[in-house]
Each structure stands twice: as structure tokens, then as C-alpha cells.
2 protein chains.
Amino acid sequence: MKRLTTLAAAALCLLSASAQQALWGGPQVVSPVINDDNTVTFTLNAPQANEVKVAGDCIDGYFADMVKDDKGMWQYTTKVLTPELYSYSFYVDGVKVNDPANVHLLRDTASFSNIFIIDGGYADLFKVNDVPHGTVSKVWYDSPSLELKRRMTVYTPAGYEDNPKQRYPVFYLLHGMGGDENAWAELGRATQILDNLIAQGKAEPMIVVMTNGNAALEAAPGEGSNGLKPVVSRPAKTMEGSFEASFPEVVNYIDKHYRTKADKKHRAIAGLSMGGFHSLHISKQYPDLFDYVGLFSAAIFPMEGATSPVYQDLEGKLKTQFDKKPALYWIAIGNEDFLYKTNEEYRKLLDEKGYKYTYRESPQGHIWKNWRIYLSEFAPMLFK
Amino acid sequence: MKRLTTLAAAALCLLSASAQQALWGGPQVVSPVINDDNTVTFTLNAPQANEVKVAGDCIDGYFADMVKDDKGMWQYTTKVLTPELYSYSFYVDGVKVNDPANVHLLRDTASFSNIFIIDGGYADLFKVNDVPHGTVSKVWYDSPSLELKRRMTVYTPAGYEDNPKQRYPVFYLLHGMGGDENAWAELGRATQILDNLIAQGKAEPMIVVMTNGNAALEAAPGEGSNGLKPVVSRPAKTMEGSFEASFPEVVNYIDKHYRTKADKKHRAIAGLSMGGFHSLHISKQYPDLFDYVGLFSAAIFPMEGATSPVYQDLEGKLKTQFDKKPALYWIAIGNEDFLYKTNEEYRKLLDEKGYKYTYRESPQGHIWKNWRIYLSEFAPMLFK
């Protein structure tokens with residue numbers, strides 16, 4: 001063996017700790033840097049660029065010019081930031097660029113941004129903390145009515161695998177237009193929020209099911225058998241009733257394959273924007289399925305021309321649903337949301353009929369920041 | 001209700017099909033376009049840029065200059081490409097940029113590239129086809145010896161959930177230096193390859209377990225409780241024996257929580273580069289665990305100074321392992337791989353001792369293209 005050692009060492013030094021550092025981009029640029037005062041400094045090495053901007057929800061006015069030093073390094077430091085998950089991108093000579101020094105990237109619909117977290121407050125719920133973690137699975141179910149096998153994300157809480165006799169309540173959590181079965185688990189930090197709330201004893205251990213609400217699709221981009229085709233050819237079948245009508249197929253799959261408490265008392269449904277619309281219409285179409293309903297910045301009324309039976313007799317179906325007194329009917333919206341007025345009209349309708357609901361108004365508009373907060377507030381109210 | 005209709009329609013047209021198109025970037029740029037002759041055209045809208053290149057394994061010489069038209073649209077068309085999964089990026093005035101028109105992005109270590117597939121041949125195994133799909137789960141197991149809870153990817157084959165009495169063999173599939181528990185499932189297309197091989201009857205239905213081979217880490221970037229910290233501070237504990245020594249903790253977790261055939265005959269282990277090194281040393285350290293061993297472009301010999309007991313008495317342990325006659329000991333490497341000579345030395349050692357193995361030599365070097373092919377060839381030989 002001795003004669004091999006030198007040769008082996010020569011080959012393997014390529015795989016040593018310093019090589020590993022090189023694989024990870026080396027120490028030359030660290031970005032973003034969260035400074036002690038919670039300002040954040042972005043840095044990009046771009047000596048050939050004429051103009052570099054940084055854009056994101058951490059910047060006043062969304063865009064800011066970065067400043068170049070004599071080595072071609074561009075920098076920008078934000079104002080002091082409050083605790084939150086922020087996203088940002090660079091624009092190099094007009095083209096959107098992800099920060100090459102930041103491996104943390106999230107997809108929103110069809111574009112990617114880098115993210116970072118300022119610790120503290122509710123932002124700590126969005127972090128992976130040293131707590132027991134649930135299992136997150138990509139699962140395919142059969143939808144005969146949509147004539148597709150379809151992908152969904154299923155979160156089972158920590159302990160699910162180790163307690164084979166325990167049964168769990170189920171929370172169905174639906175994304176908005178342009179989202180998919182990955183949206184809540186990634187952008188929405190739903191798995192971190194649930195891990196943390198459950199670990200703190202603030203939420204019941206529950207299964208969370210995140211479906212794909214575009215009835216024309218099997219799955220998120222690249223995960224369905226339309227393969228890696230350009231997204232402009234992506235078909236859409238949304239808010240025309242078929243996803244809502246098909247929803248018992250999801251519930252049946254989950255009740256058959258997971259250890260659920262398979263009754264209305266132990267089922268919740270909520271969603272953001274289009275997912276709020278879905279939650280509204282599914283829960284009234286199937287008034288014996290869900291005892292907890294959450295509308296987060298929800299679209300409310302069907303689109304003009306939508307003819308699905310799901311949308312017929314809204315008032316009659318609401319009467320049936322509210323006569324059965326849902327355990328929680330929770331409406332949340334930001335006061336700058338473009339759906340604010342529609343929600344106001346809907347609340348008026350519920351008020352006129354004397355239907356009981358809980359209303360939560362937040363600042364700002366139709367943004368993930370609000371939806372993560374709504375989820376953090378809604379989940380603790382379930383199944384209690 | 002009538003009075004609400006117009007208001008609702010006004011708000012909701014923002015969510016209509018055309019709005020959905022806008023969410024997806026609109027039809028203005030389609031990139032990449034796979035032309036009928038299997039050339040591929042890339043397009044980037046960058047009127048302010050001075051220089052745009054495209055780089056990737058689909059380009060002869062890796063880099064090519066793109067050409068600007070009078071509207072600021074840059075284009076490049078490749079030569080005719082053979083079937084394969086390719087990756088590429090743009091460089092805009094020297095800065096790496098992902099194609100904003102292509103939502104399909106993969107992370108390799110700390111950087112992202114866009115991908116596309118040219119159909120045909122073995123590349124069809126890398127596609128999501130209209131076949132039954134397995135479930136892909138992110139699961140946390142406890143490693144007392146590494147003093148961490150650790151994340152892994154577990155693939156259960158289609159039918160696993162619907163056949164609660166069936167037990168399955170298990171294939172442990174390990175990544176290389178700089179990779180993590182996501183690498184094989186994403187870059188390696190392991191879940192697509194397994195779905196397709198199983199659907200074609202070419203591979204046995206099996207559970208595939210993809211661990212994280214960096215013993216200092218809980219999980220892939222952003223998924224562990226080091227949070228979203230810059231990757232330059234990422235700790236490394238690799239090829240020093242502790243991951244290999246701890247491996248029975250993984251096997252025990254899987255045998256306890258999944259319906260496995262829990263014996264040597266029904267266990268395989270393979271990996272690429274550092275993962276091949278791990279497979280070699282784990283399988284000889286625990287000679288009663290794995291009947292199938294695959295070394296894909298493997299590192300072979302411990303690094304100078306590595307003192308773990310795992311690496312002691314290599315020859316004695318190999319003798320024990322090979323005396324038990326593994327069902328398959330498969331060594332694959334590209335003839336341009338920087339580890340080629342080390343593998344040659346290792347094969348010489350095995351030859352001198354008369355230990356039986358199968359050798360597969362491919363063209364090219366230390367690249368994912370080879371590792372996807374090796375997996376496609378190795379999986380069908382298992383458990384038969």
C-alpha cells in the first residue's frame with residue numbers, strides 16, 4: 001500500500017478542505033453582510049459593468065444604485081432593517097442578476113431572487129431553528145376528474161413516523177395565481193413556521209397539504225411531464241371551478257394514505273389570493289369537509305363568464321355553510337391590497353346575513369410578507 | 001349579489017389568464033429554443049450591455065459570444081446537440097446571469113445554472129415522463145455519533161403507499177464533495193431515472209436514500225439551523241472517517257421507519273467522487289451491510305493524515321469484504337477523470353488479490369453527465 005500513498009495524496013488534495021472552499025466560491029466576496037446595527041451591505045464584483053442596481057423589499061423605493069470602488073467592486077448598504085425575510089436581486093447594465101455570493105435563492109412564479117433573514121420577532125418563525133423537524137414530501141395523487149396524476153407537498157409533523165398509532169388533523173394550504181405546490185413550502189416558509197409553532201407548543205401537531213391549484217397542470221415547472229418546456233407555453237385552468245370541484249379527491253387521498261383524524265372538526269383549509277378564493281368556494285361547496293377556513297388576501301367572486309356549478313347559488317351555499325357554524329372563518333387582508341374593496345363587499349354580505357367570521361387587517365398589500373404572518377397567526381387557532 | 005359583479009370582475013381581471021401570462025414573463029422572449037435540427041438558440045434582452053456570452057457544456061470551448069441585434073436582443077445558436085441534459089449561463093459584462101426566460105434552474109454546490117434536455121437515448125431517462133412517480137421526502141434522522149439531527153432525501157417507489165404489505169430493497173446513493181442531500185435528486189435526476197427504469201421494468205422497485213456526506217452539516221444550504229448565513233462560513237468535515245463510521249445510524253433509521261427488506265442481499269451503496277470513497281470505506285468497514293457496491297469516479301485512498309479507525313487496515317478489511325463475495329462491486333470512471341490513475345492503482349490492487357469486480361470505463365471526466373449514466377446503468381443490476 002505504501003507506494004500508493006503519494007499518488008493518492010496528489011489526487012486527493014484536489015478534494016481537500018481548501019478545494020472545498022473554492023467550490024463554494026472562496027472568501028473574496030461575502031454578500032449580503034448583516035451588520036451589527038441590522039443594516040445590510042450587498043457587494044458584487046463587476047469591474048466591466050457600467051451600472052449596477054440592487055432591488056428588493058429591503059430597499060426604500062425598491063431600487064438603489066450601487067457604488068463602484070477602484071477595483072470594480074460595487075456596494076450598497078441599506079437603512080436599518082426590522083426583523084423579516086427579505087428578497088433582493090442585482091441589475092447589471094439592465095439585466096437581473098442573482099447575487100453569486102448568496103446561495104439562498106427562492107422562486108416566485110417564474111423568477112428567482114436571493115433571500116436573507118433579519119432575526120427577531122415573527123421572523124424567527126421563518127428560520128430553520130434547532131427544533132424537531134417535520135418531513136416534507138412530494139407526493140403524486142390521482143385526479144380522475146382532472147384526468148391527471150398531480151403532485152402535491154405534504155408536511156407531516158415531527159414525531160409522525162415515531163408514533164405509528166397517533167392520528168393527526170389536516171390543514172390544506174393553497175397558493176395563489178402563478179404559484180404551485182412548492183410555493184407555500186418555499187416562499188411561504190410554511191414548513192419552518194409549522195416546525196417552530198409546534199415546537200413552541202403554540203400549534204397542534206398537524207399534517208399540512210399544499211396542492212397545485214392550476215387544474216391544467218400536473219406539477220410545478222420542470223416536475224410535470226411537460227418537462228422543461230419554456231414557461232410561456234404553460235397552460236392555465238384557474239378559477240373556472242374544476243380545481244374546486246375536484247378537491248375531495250385530494251382529501252380522500254390524504255385520508256387513505258396518512259393517519260388523519262378524518263372528520264370535519266379536524267380539517268382546515270386556507271389560501272392566499274386565488275388560494276383564498278379556492279378555500280372560500282371549496283369550503284362552501286363541501287360544507288361538511290372543513291371546520292376552519294382562512295381567506296388570506298382572497299379573491300372572492302367568480303370571474304365573469306365562469307359557469308361552473310361550483311359557483312352557482314353562492315348565497316344559498318353560504319347559508320348552508322354558516323348554518324353549520326364553522327369553528328373559525330378567518331378573513332385577513334392588507335389595507336393596501338388591490339382586493340381590499342372586494343373583501344369589504346364580501347364582509348358586508350356576511351354581516352348582512354349575520355354570519356360569524358373573524359377579521360384581521362394588516363398594513364401593506366398583496367405580498368408574501370403578509371401571507372407568512374397570516375399563516376403564523378392562523379395555524380395556532382386550529383384544532384383547539 | 002348583482003351589484004358586486006362589476007366590482008368583482010374589475011378586481012379579478014387582474015388575475016385572469018392574460019395576467020397569468022404576465023406573471024410568467026410574457027411571450028416576448030422564448031429561451032432556449034430547441035430547433036427542429038437539435039441546435040439550440042439562446043436569447044437575452046440586454047440593450048444596455050456591452051458584451052454577452054453564453055457558457056455551458058452545450059458550447060464548444062464552453063464560452064461563446066452572443067450577437068446583438070438593433071433592438072438590443074442578444075442571440076447564439078449552438079451546433080447540433082446529441083440527446084443529453086445540458087446546463088448553461090449567460091455572462092453580461094462579465095457577471096454570471098441566469099436566463100430570465102428559463103425557469104428551470106439547478107444548483108451545483110454554490111452556483112446556479114439553467115438546464116434543458118435534448119430528447120432521445122438515455123436522456124429520456126432524465127425526463128419526467130408520463131409514468132407512475134415515486135414519493136420524494138426530506139426526512140430528518142438523529143445521528144448521536146455526529147451529535148446532529150441530519151436531513152436526507154428518501155425516494156419511495158410508485159406503489160409504496162398503496163401496497164402496505166410489500167417490503168423493498170434499499171439503495172444508498174451518496175454525493176460528492178460540495179454536494180449535499182439534494183444533489184442526486186436534483187442534478188443527478190435520480191428520482192426521474194428511478195421512476196423511468198422501474199416503469200420500464202428495467203429496475204426493481206426500490207427505496208433510494210440520499211444522505212448528506214459532510215459530517216459537520218445538518219443539511220443543504222438554508223435547510224439547517226445555520227440558517228441563511230454566507231456559504232464561506234460553511235463548516236466542512238469530510239473524508240476524515242466520521243460520516244463513514246456513523247453510517248449504520250442511517251441504515252437503522254431507514255430499516256425502522258420504512259418497509260425494507262432489512263438484510264445485506266437487499267442493500268446497495270454507491271456514490272460519486274467523495275461519495276464513491278464513502279461507499280468504498282463504508283462497505284468494507286461494515287462488510288455485512290451491503291451486497292452491491294458502486295464506485296462512480298471515486299476517490300479511493302484516505303487523505304494523508306486521516307487517522308480514523310475506519311481507514312486502518314484497508315487490505316485486511318477488503319479481504320474480509322471480498323471473501324464474502326459481494327453480489328456486485330462496480331467501478332466506473334471516465335478516461336479523462338483526474339481520479340483515473342488512482343482508480344487504476346486500486347483496480348491493480350484488487351486484481352493482485354483476485355477480488356472480483358466489474359469495470360466500466362466511459363469517455364470524458366469528472367462530470368454529472370457521466371454520473372447520471374452510471375446511475376442509469378447501475379440501478380438495473382441491483383437486487384436481481
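Start in chain A and select residues 105-108 (strand 9) and 111-118 (strand 10): the two run antiparallel and are joined by 4 bridges. Strands here are DSSP runs of E, at least two residues long, numbered from the N terminus, and two of them pair if DSSP finds at least two bridges between them. L105(A) faces N114(A) of strand 10 across the pairing. The two strands make a hairpin with 2 residues between them, and T109(A) in the turn has a positive phi of about 60°.

The model is predicted: local features need pLDDT of at least 70, side-chain atom pairs count only at pLDDT 80 or more, and totals for chains, interfaces and linings use all residues. Residues are numbered from 1 along each chain as its sequence is written, chains are lettered from A and ligands numbered from 1 in the order written, and side-chain values use heavy atoms, without hydrogens and water.

Go to chain B next. There, 4 strands form an open antiparallel sheet in the order 1-2-6-5. Its edge strands are strand 1 (33-34) and strand 5 (67-68), each pairing on one side only. Strand 5 is joined to strand 6 (residues 73-77) by 2 bridges, with V67(B) opposite Q75(B).

Back in chain A, select F171(A), W184(A), F296(A), W330(A), W368(A), W371(A), Y374(A) and F378(A), which form one aromatic cluster.

Finally, select R372(A) and F126(A): the arginine lies over the face of the ring, 5.5 Å from its centre. The criterion is NZ of Lys or CZ of Arg within 6 Å of the ring centre and within 35 degrees of the ring normal. In chain B, R372(B) lies over the face of F126(B), at 5.5 Å from the ring centre.

Methods: Phe/Tyr/Trp six-rings, centres within 6.5 Å; stacked < 30°, edge-to-face > 60°.
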